[in-house]
Each structure stands twice: as C-alpha cells, then as structure tokens.
Amino acid sequence: MDDVDRKILAELQLDGRLTVTELAARVRLSVSPCHRRLRELERAGAISGYRAVVEPSAVGLNFEALVFVTMRQEDRDTVAGFERALTEVEGVQEAQRLFGEPDYLLRVVAADLTAYQRLYDERLATLPGVQRLTSTLVMKHVVKDRPLPA
C-alpha cells in the first residue's frame with residue numbers, strides 16, 4: 001500500500017458515494033488506474049464494504065448505553081454460545097471481547113429507557129454464561145465514526 005492507496009482510502013472514508021471519476025480527480029489519477037487501485041483495495045480486504053450511515057435519532061433510537069459484560073465462565077463452549085446468541089440481539093450495535101475485566105463491551109441502542117430495560121431483562125441478561133451486566137448511559141458523542149489515520 002502506497003501513498004496513493006492511502007489517499008483513496010482517506011477520500012472514501014469521507015464520502016463513500018464518490019464516483020470513480022470524482023475519486024480519481026481528488027487523488028490526482030486518471031480514471032482507469034484509480035479504478036484498478038480501488039478494485040485491488042477491495043479484493044485485498046482494505047475496503048470491506050460500503051454502507052449508509054443512519055442517524056439513530058432519525059429512526060427513533062434515542063437511547064444509547066454501553067454495557068459491560070462479565071462472564072460466569074470463559075470456557076470455549078460458553079464463549080462461543082454467548083457470542084453466537086449475541087449476534088441475534090437486535091439493538092446491539094457493537095460488541096468487543098476484552099482482555100481482563102470486564103469480558104465484553106457492548107454498544108446498545110433503543111428507543112427509550114423502557115425499551116432498553118425490556119432488552120436488558122429479556123435478552124441481554126438471559127445470554128449464555130452471563131454473570132453480571134453493568135450499564136452506563138451515553139450522554140453525547142464527542143468523537144464518532146472518525147476516519148482511520150492515513
């Protein structure tokens with residue numbers, strides 16, 4: 001990966017809807033070489049996809065919590081069962097397995113506190129192997145969806 005590839009990635013992180021012609025102009029390449037580089041970045045996995053970024057409040061999801069999960073057991077089967085079940089929980093936007101305590105960090109969205117309580121009680125607390133859930137509410141985003149450094 002060279003500086004031109006990094007410029008392509010930086011531009012696409014700012015605006016994933018750029019046409020190849022617009023992208024080529026921004027990185028100072030002709031269209032064909034830019035298109036070849038773009039396809040190679042996709043093939044190599046540097047670009048894993050394109051999507052629309054939806055504002056949660058615009059679709060009625062006005063509540064966000066960070067949930068720390070401590071597991072009762074951390075054997076392979078319990079962890080696999082937890083992670084498999086977690087992928088089925090609507091509202092979980094991100095989930096990271098951590099070293100140390102706690103074991104997982106989840107970012108969860110819901111319509112409001114009542115909807116979050118229902119999700120917490122009926123889905124999160126019943127996941128396999130969960131010993132403890134600790135929630136903290138998100139007041140505001142200071143840095144969000146920042147492009148990766150070049």
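Me: Is V59 buried or exposed?

Reply: V59 is exposed, because its relative accessible area is 52%. Buried means under 20% relative accessible area, exposed over 50%, and partly exposed in between, with a 1.4 Å probe and protein chains only as cover. This is a predicted model, where local features need pLDDT of at least 70 and side-chain atom pairs count only at pLDDT 80 or more, while totals for chains, interfaces and linings use all residues. Residues are numbered from 1 along each chain as its sequence is written, and side-chain values use heavy atoms, with hydrogens and water left out.

Me: Where is V59 found?

Reply: V59 sits in the loop between α3 (31-44) and β1 (63-71). Helices (H or I, at least four residues) and strands (E, at least two) are DSSP runs, numbered from the N terminus.

Me: Which residues of α3 are buried?

Reply: They are C34, L38 and L41. Seen down the axis of α3, these buried residues fall within an arc of 60°, so they line one face of the helix. The arc is taken from the directions from the helix axis to the C-beta atoms. Among the elements that cover them are α1 (3-14) and α2 (20-27). On the face turned away from the buried side, α3 carries the exposed residues R36, R43 and A44. Just after α3, G45 has a positive phi of about 90°.

Me: What is a salt bridge, and how many are there?

Reply: A salt bridge is a side-chain nitrogen of Lys or Arg within 4 Å of a carboxyl oxygen of Asp or Glu. By this rule the count is eight. In one of them, the side chains of R37 and D2 meet at 2.9 Å, N to O. That pair links distant parts of the chain, with R37 in helix α3 and D2 in the segment before α1, 35 residues apart. R37 is partly exposed, because its relative accessible area is 25%. D2, D5 and R37 are linked in a network of salt bridges.

Me: Which side chain meets R39 in a salt bridge?

Reply: The partner of R39 is E42, at 2.6 Å, N to O. An α-helix has 3.6 residues a turn, so residues three or four places apart point the same way. R39 and E42 both lie in helix α3, three residues apart, about one turn of the helix.

Me: What about E64 and R107?

Reply: Their side chains meet in a salt bridge of 3.3 Å, N to O. This pair links distant parts of the chain, E64 in strand β1 and R107 in strand β3 (residues 104-110), 43 residues apart. Both E64 and R107 are buried.

Notes: Contact means heavy atoms within 4.5 Å.
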